[in-house]
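Here is a short report on one protein chain. Look over the structure, then read on.

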Amino acid sequence: MPLPGMSDLANRVGNTGVVDRKAQNSTNKDAGKSLDMDDFLLLMVAMFQNQDIDNAASTSDMMNQMVQMSVVQAVTNMNTMVEDSTVLTYAASLVGKEVTIGQYVGKELKEIVGTVTGTGTLKGQQVIFIGDDSYYLSDIMAVGRLPDKETDVKPGGDENEDKDDTEEGGTPTEPEQQV
């Protein structure tokens, strides 16, 4: 004899249309996309509340799953801490260096050049300070100054690559002939 609600579940599983539902009762900021420990515990409690009395859930299986979820959570937390410390270290390495900041004013890109005097966080993102102003790390266009707009510099290219075959006086040079 099927449990009440099982036919409803069978109908939902057999349904070819995909239903996109938001997760309810979750504290996870990525609810509906990933599970965190709170979501896992909610699922475990729901499973215990709705288990079949003839086929009780194995507590050892639950403990194994809980340990695995704890390990995944710990690895995720360590990864986040490493990423945060890498960004923090990079920002700290910029103190005392000249940087070029790019900010859009309307549709025009404004370049701000200054020396980094400190670092910090603003709204959860790393920022640098130039004088009394703060800028996000993502606003940095270059460490140092950008070349003048008139100068056409090719990355990794040879400076003499595009020059024509003229001597300093402006007279063309003869190509060397091989014998």
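## Terms and overview

Helices and strands are DSSP runs, numbered from the N terminus; a helix needs at least four residues and a strand at least two. By that scheme, Leu-35 is in the loop between helix H1 (6–14) and H2. Keep in mind that this is a predicted model.

The protein has 3 helices and 6 strands. What order do the elements run in from the N terminus on? The order is α-α-α-β-β-β-β-β-β.

## Burial and surface

The protein has 179 residues, and 16% of them count as buried. It exposes about 15100 Å². Carbon and sulfur atoms supply 52% of that area.

Now take contacts between residues at least 6 apart in sequence. Of these, 39% join residues at least 24 apart.

## Helices H2 and H3

Two packed helices are described by the angle between their axes and the distance between the axes. Helix H2 covers residues 37–49, and helix H3 covers residues 59–93. Their axes come within 10 Å and cross at roughly 170 degrees. Angles over 145 degrees count as roughly antiparallel, so H2 is roughly antiparallel to H3.

Which residues make the contact? From H2 come Met-37, Phe-40, Leu-41, Met-44, Met-47 and Phe-48. From H3 come Met-62, Gln-65, Met-66, Met-69, Ser-70 and Gln-73. The contact residues divide into 9 nonpolar, 3 polar and no charged. An α-helix has 3.6 residues a turn, so residues three or four places apart point the same way.

## Helix H3 on its own

The buried residues of H3 are Met-62, Met-69 and Ala-91. They pack against H2, strand E3 (118–122) and strand E4 (125–130).

Leu-41 is found in helix H2. Is Leu-41 buried or partly exposed? Its relative accessible area is 31%, so Leu-41 is partly exposed. Leu-41 and Met-69 are 28 residues apart in sequence. In space, they are 9.8 Å apart, C-alpha to C-alpha.

Leu-35 is in a loop, the one between H1 and H2. Leu-35 has 56% relative accessibility, so it counts as exposed. Leu-35 and Met-69 are 34 residues apart in sequence. Their C-alpha atoms are 9.6 Å apart in space.

## Tyr-90

Tyr-90 has its place in helix H3. Its relative accessible area is 40%, so Tyr-90 is partly exposed.

Which residues does Tyr-90 touch, not counting residues up to four places away in sequence? Tyr-90 touches Leu-137 and Val-143. Tyr-90 and Leu-137 are 47 residues apart in sequence, and their C-alpha atoms are 9.4 Å apart in space.

## Lys-123

Lys-123 has its place in the loop between E3 and E4. Is Lys-123 buried or exposed? Its relative accessibility is 77%, so Lys-123 counts as exposed.

Now look at the backbone. Most residues other than glycine have a negative phi. Lys-123 is not a glycine, yet its phi is positive, at about 55 degrees.

Key. Residues numbered from 1 in each chain as written. Predicted model: local features only at pLDDT ≥ 70, side-chain atom pairs only at ≥ 80, totals over all residues. Heavy atoms only, no water. Buried < 20%, exposed > 50% of the residue type's maximum accessible area, 1.4 Å probe, protein only. Contact = heavy atoms within 4.5 Å. Areas by Shrake-Rupley, 256 points an atom, 1.4 Å probe, with all protein chains shown as cover. Axes fitted to C-alpha atoms, helices over the stretch in contact; angles between N-to-C directions. Parallel < 35°, antiparallel > 145°, perpendicular 65-115°, else oblique. Nonpolar A, V, L, I, M, F, W, Y, C, P; charged D, E, K, R; others polar.
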